[in-house]
Amino acid sequence: MAEIHAPGLAHHFDSYQQQKEAAFFGMWVFLATEVLFFGGLFCAYLVYRSANPEAFAAGSRELDIVLGAINTAVLIGSSLTMALAVHAAQVGKRKMIAAWMGATILLGGTFLGIKVVEYSHKIHEGHFPGPNFVWHGPEVNVEMFFNVYFLMTGLHALHMIIGIGIMLVLIPLAWKGRFTPESHNYVEGFGLYWHFVDIVWIFLFPLLYLLDVG
Amino acid sequence: MSELANNFGRRLHYLNADYGVKSWLLTRDHKRIALLYLASISLFFALGGLMAVGIRLELATPGADLVQPDTYNRLFTMHGVLMIFLFLIPSIPATLGNFLIPLMIGAKDLAFPKVNLASWYVYNIAGLFTLWAVAQGGVDTGWTFYTPYSTTYSNSYVVATALGVFTVGFSSIMTAVNFIVTIHRMRAPGLTWFRLPLFVWAHYATSLVIILGTPVVAVTILMVAAERILRIGIFDPALGGDPVLFQHLFWFYSHPAVYIMILPSMGVISELITAFTRKRIFGYKFIAFASVSIAVLGFLVWGHHMFLSSQSVYAGAVFSVLSMLVAVPSAIKVFNWTATLYKGSVSWDTPMLYALGFIGLFTIGGLTGVMLATLGIDIHVHDTYFVVAHFHYVMVGGAIMGYLGGLHFWWPKITGRLYPVFWSKFSAIVIFVGFNLTFFPQFLLGYLGMPRRYHVYPADFQVLNVMSSAGATILGVGYLIPLFYFFWSMRYGERADRNPWGAIGLEWMTGSPPPTHNFHEPPTVDWDAYAYLPDTPGGTGEAWDAAKPTSEAPEHG
């Protein structure tokens, strides 16, 4: 027997409020697992940096601070556009949701593009870890810095690619008017994810790029 | 066609609401997903059991008679990987937890039904990776994947297995996020935290361990795979890495993983003890908080796996003391269960046999754990069969006894059928005897110095090893019997009524099997958990049950 439900309210929830609380709480719990996921890498970073301080400083000097700083600004900008998309959902402007998410994708794409430039530069210089790694300086174990660098930034970039993929699904839904001021948990929940990915970079930038400044 | 009955006038429930393969594979009903999980994990339990058969057959004689040394390494590794990652960790949460948590808290479903279904698919993909690794010839690193052997030297299918372990972690995380959100946000009106069944508390604590531990092992395994594929040196000392860092990261998850296996089982035992003594459980809040404190303490003890891994004596001493602290909440539980038995109206139904078995076996497993946490003893018995016996007492004697006890307790609720009393009691006793015969001799072997993970041993050890192999045969028979009568009962078993044990709990107030949305009327709770109180008429579950308004329509057949 078909039951009549409010649009966008799943059968097992009593109210939009309950559904929203569950969705956000679930997102926060998931982000807690993400913190621990990156946490394993931060732990490895900590151990190897304290064991090889000179090598990490030398490796860090090889990174392009200007490109890293530009990317930091780009990513913070994308968090702003994402926040504006969430605001558009709260006030029920469906086209603005799609537009601000489109802007977020552009900025995210810019970040990844700059990352590709940086990566190819490093690979060209022989700084990609593995049997072909080249280092001419006196420091020992600089390769470890690049192990950590590529793993951390690579995993971060993977999170951004997944985020862009999710937005490509959400934008058409937003355009069709799926998200209302009462029910737009996907937009707001995804906003939390995007800000989280942004915050990870806020930690990565100083830890990897700014080790030996000043 | 009404909401309560189908076309044939039969009462409509989650099993007959819809038919066909598609209705199962695309279901979002937590109860059906629980059954899907039950099928999948049973398959991997059987496979892991087959590996154990190989191990025990080889160890029946001192020499290398049956398998090559390399094959033996793969056998015990795959036994560990299959049993831990694909059976024990999901066993109770994904089946009984999935089925019961929404019922116990009066919800229609878990908070995220699609995520729940997705977790089953992710689990099976992980299973396929692992099966693929098995089919290729398996892994020989031990389930612990210690580096640099796993990353550099092992000539087996490490990456495929690692991929399986990595992927199955995500299915655990999906389940755990679902449980935490559901328990926080979807309890029935009036069902406060301290009215929750202890099964729910145990799963809450388990879910905390899963969400905080699993991501760490995932990223660690990712590093192992990166090191092996790209030939970089994260953990390989020859390339500048630190193998001890791997052990820290690995055990940061894999020790708490032990509590992922045992906590849900403890939750089951709390339910069984109170139901079969007709008494409110002794020290409800202590048991609830003991679950949470085991979950918290569990994150602070990983170093006791590394007493001999270049850890400083001071670190070793700290980890030793912290490990012993875990005994406190564990003992609180055991003593409270025992206190509940005191002057209870004990009935010896099959689930109760498992519960009593659990208390005895878990106590032995736990106390030998305290011995192993003692630095001096651990150095003596490190990597011997003493350790093997200890963790089998906890995982098989504890976790699997709880799992089987829970299956027997809630089987009538799950299927609406009863299983044969004689055979179920018989198999519970066979399992208990077979288990002790298998693993008790291993304590002696380990104490005498037989190291684990070897396919040959001095002839002096043969008697005890033959006892162990014989016990394993009995244990295997004990596990097969329920497989037969459970299948038999699904078709021929006597129909169970709503509450065959006269137990108290929301899950017993709805039909057996429950309707798709669990309750016809959303329940409201104004009583404490396990309200088997003297002032309730008769003080029993049946009387309590009759006095309460039910949310169930009359039975039609």
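**Exercise 1.** Determine whether Tyr37(B) is buried or exposed in this predicted model.

*Solution.* Buried means under 20% relative accessible area, exposed over 50%, and partly exposed in between (1.4 Å probe, protein chains only). Tyr37(B) has a relative accessible area of 1%. Tyr37(B) is therefore buried.

The model is predicted: local features need pLDDT of at least 70, side-chain atom pairs count only at pLDDT 80 or more, and totals for chains, interfaces and linings use all residues. Residues are numbered from 1 along each chain as its sequence is written, chains are lettered from A and ligands numbered from 1 in the order in which they are written, and side-chain values use heavy atoms, without hydrogens and water.

**Exercise 2.** Classify the aromatic pair of Tyr37(B) and Tyr123(B), and state which parts of chain B the pair ties together.

*Solution.* Rings of Phe, Tyr and Trp (its six-membered ring) pair if their centres lie within 6.5 Å; planes under 30 degrees apart count as stacked, over 60 as edge-to-face and the rest as tilted. Over all chains, the structure holds 64 aromatic pairs. In the pair of Tyr37(B) and Tyr123(B), the centres are 5.6 Å apart and the planes make 65°, which is edge-to-face. Tyr37(B) belongs to helix α2 (residues 30-58) and Tyr123(B) to helix α4 (residues 113-136) of chain B, so the pair joins parts that are 86 residues apart in sequence. Helices are DSSP runs (H or I, at least four residues), numbered from the N terminus. Tyr123(B), at 0% relative accessibility, is buried.

**Exercise 3.** Locate Phe487(B) and decide whether Phe487(B) is buried or exposed.

*Solution.* Helix α17 (residues 462-492) of chain B contains Phe487(B). The relative accessibility of Phe487(B) is 56%, so this residue counts as exposed.

Technical notes. Helices (H or I, at least four residues) and strands (E, at least two) are DSSP runs, numbered from the N terminus.
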